[in-house]
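Thanks for coming, everyone. Please take a look at the model on the screen before I start.

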Amino acid sequence: MIYILAQAASPSPTTDTVSAALLVTPNAVQIGAFLSTLGLCAGVSFLLYIGLFYILRSLVRKWEKDTLLLILGISQTPLTIIFILTSLKFSLLHLNSAGVFIDWIQRGLTAFLIGAFTYWFTQLFNEAAVSSLKAYARKTEAVWDDVLIPLLQNFIPVITYIIGISLFFTTLGVDLTGIGLALGSITVVLGLAVKDILSNFFSGLVLLVDTPFKFGDVITTSDGSLAIIKQIGIRVTKLYLIEQHCELYMPNAALGNQSITNLSRPTTHYAYTIKVAVRIDADSVVATNILKEIVAGHPDTLANFDEKIKSLDSFYGLKEAEEDKLSKKDAGRKRISLEKEVNLQLKKIHTAFEELIAEIKLLEKGGLDTQELRSLQKNYIEVLNLVGMVILTERKGKRQRSWLEEEQVSIGKQNLISLVRFWYETWLQDPDLVAEDSTILPDEWEQKIEVLKIKLNKLFQKISNPGVDETRLDDYAAKLLDWLETNFKESSTAWKEPQIQITDIQGSSMQFSVRFYIDNIQLEHWRRGERVKNEVRREMIRRLRLAHIYTG
């Protein structure tokens, strides 16, 4: 009994070892090395802080680099924390032999460093990378990037935080194996319970791959309602219903299984049809001419430019001038005249491109030598002059680099790019436009201009150094010409001019069908088409009554 009590009274060897390890105090040399390293690290961190957030920031402001300024602003707080934690970690290396307590502090510092880096990376991605990607997407004609970027914006931060939290707890010594197995089992059960959610998620990915629309496109839903694509989420797609002025959240799986009619593609032109009846004894030719003049006379329909300007003054009921705003007729006349100039310039470019393609086909047989390439470059420069691009050359030592830049427009000189800008800026004077149109029109046309410049640059590089593509230059030029006509702007819309047809004769009246195109249905909060249709119908009634041939 005495032996047992004595054994119980004596301290445990294991307890003594742990206590000793915890209670070990650093000596004077270790403390001195710790303080000197901490001071050195603090000095280096302070210099880095001053260099990054004062000197570099002032230089970046002079360079007008907005992205770098944004990155520096986002990084200031996280990097300050990282500098402090890193300085402490390096300094504590001198105290590693001072016991388990210091080791715990090191682990804690490492864990918080991981947390700081996770937060920093997420903020950089959300604020800087996403904005840069969105700016890049606006300069491309691809649709998938407009959908992909919001999805990345939703997923990347979640994945980053999951990885960061896992590393944080692992560094602190927490064993996540059991949690991982438990989560795996729970995931299997939840997978069966939330199969509809997973179906919507993968349907969203399919919509991303197929890209049947982009944000801002006008579509018709299964019940015939007009809707605007606002956002594709993880589970649902957000639509804005125009008529009801409300948002509709449709599951991705349901949207993916529908037949979607995209009214914004291939162009924002949209056709409307109006049925009208005139007296049976009326001259059908006279009635047709009246109806055609009415449709052509509206500023917002597509028709021959000369006929539109000629018929514009006879159209009744358009907005008059108010305060500093032009009247609808004056604004329409200016816009129509400028669009006519844009289309004439496009026709010149089309002709110049066709001549270039014909020359390429003639010269590329058997390959192109230096003299033939110079001849092609000379003809291509004529195309570039019509568009508004110039060649810039930079020489570094023996190397020379050439590229295209937009030409600075001089007084009296016109090119395609300057005409398009002048045209859409004049279009913004339309008194029927709403506030958001001042963003929609410039965004639409500036994106097209940027894509045009990129494509012209690519063709220039091919002509300058064709390499293995010397027998395919005509194909590249033809593709660019086709894109210019179909995706940039049509130089001629003759097939979209108003169509007036007699569809039936009933009793004492002839039934006419009047079909015409609206210039851009996305404007006026997507109500431009209905407004124009109403104004055209109202003018038809007025003019046919004046001619005493309207029957209702």
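I will go through the sheet, then the salt bridges, then the surface patches.

First, the ground rules. This is a predicted model: local features need pLDDT of at least 70, side-chain atom pairs count only at pLDDT 80 or more, and totals for chains, interfaces and linings use all residues. Residues are numbered from 1 along each chain as its sequence is written, and side-chain values use heavy atoms, with hydrogens and water left out.

Now the sheet. It is open, has five strands in the order β4-β3-β2-β1-β5, and pairs antiparallel. Helices (H or I, at least four residues) and strands (E, at least two) are DSSP runs, numbered from the N terminus. Two strands pair if DSSP finds at least two bridges between them. The edges are β4 (246-251) and β5 (261-262), each of which pairs on one side only.

Thr220 has Thr261 of β5 as its bridge partner.

Move along to β2, residues 226-232. Five bridges join β2 to β3, again antiparallel. Ile232 is bridged to Thr237 in β3.

Then β3 and β4. Six bridges join these two antiparallel strands. Val236 sits opposite Pro251 of β4. The hairpin of β3 and β4 has four residues between the strands, and His245 there takes a positive phi near 50 degrees.

How many of the six residues of β3 are buried? Five are, so β3 (236-241) is largely enclosed by the rest of the structure. Buried means under 20% relative accessible area, exposed means over 50%, and partly exposed is in between (1.4 Å probe, protein chains only).

Next, salt bridges. The structure holds 30. The criterion is a side-chain nitrogen of Lys or Arg within 4 Å of a carboxyl oxygen of Asp or Glu.

Take Asp300 and Arg335. Their closest N and O atoms are 2.7 Å apart. Asp300 is in the loop between α10 (284-297) and α11, and Arg335 is in helix α12, so the pair ties together parts 35 residues apart in sequence. Asp300 is buried at 0% relative accessible area. Arg335 is buried too, at 3%.

Lys340 and Asp306 also form a salt bridge, with closest N and O atoms 2.7 Å apart. Lys340 belongs to helix α12 and Asp306 to helix α11, so this pair ties together parts 34 residues apart in sequence. Lys340 is partly exposed at 28%. Asp306 is partly exposed at 46%.

Which residue does Asp430 bridge to? Arg528, with the closest N and O atoms 3.2 Å apart. The pair links distant parts of the chain, 98 residues apart: Asp430 in the loop between α14 (416-427) and α15 (437-464), Arg528 in helix α18. Both are buried. Salt bridges that share partners put Asp430 and Arg528 in one network, whose members include Asp300, Arg335 and Lys319.

Last, the surface. Patch residues have over 30% relative accessible area and no salt bridge; like charges are joined within 9 Å, nonpolar side chains (Val, Leu, Ile, Met, Phe, Trp, Tyr) within 5 Å.

The nonpolar patch is Tyr119, Tyr161, Ile165, Phe169, Leu172 and Val174, with about 510 Å² of accessible area together. That area comes from the Shrake-Rupley method with a 1.4 Å probe; for residues, only the protein chains shown count as cover. Helix α6, residues 144-171, gives the most, with three residues. Phe169 lies in α6. Phe169 is partly exposed, at 35% relative accessibility.

That is the tour. Questions, please.
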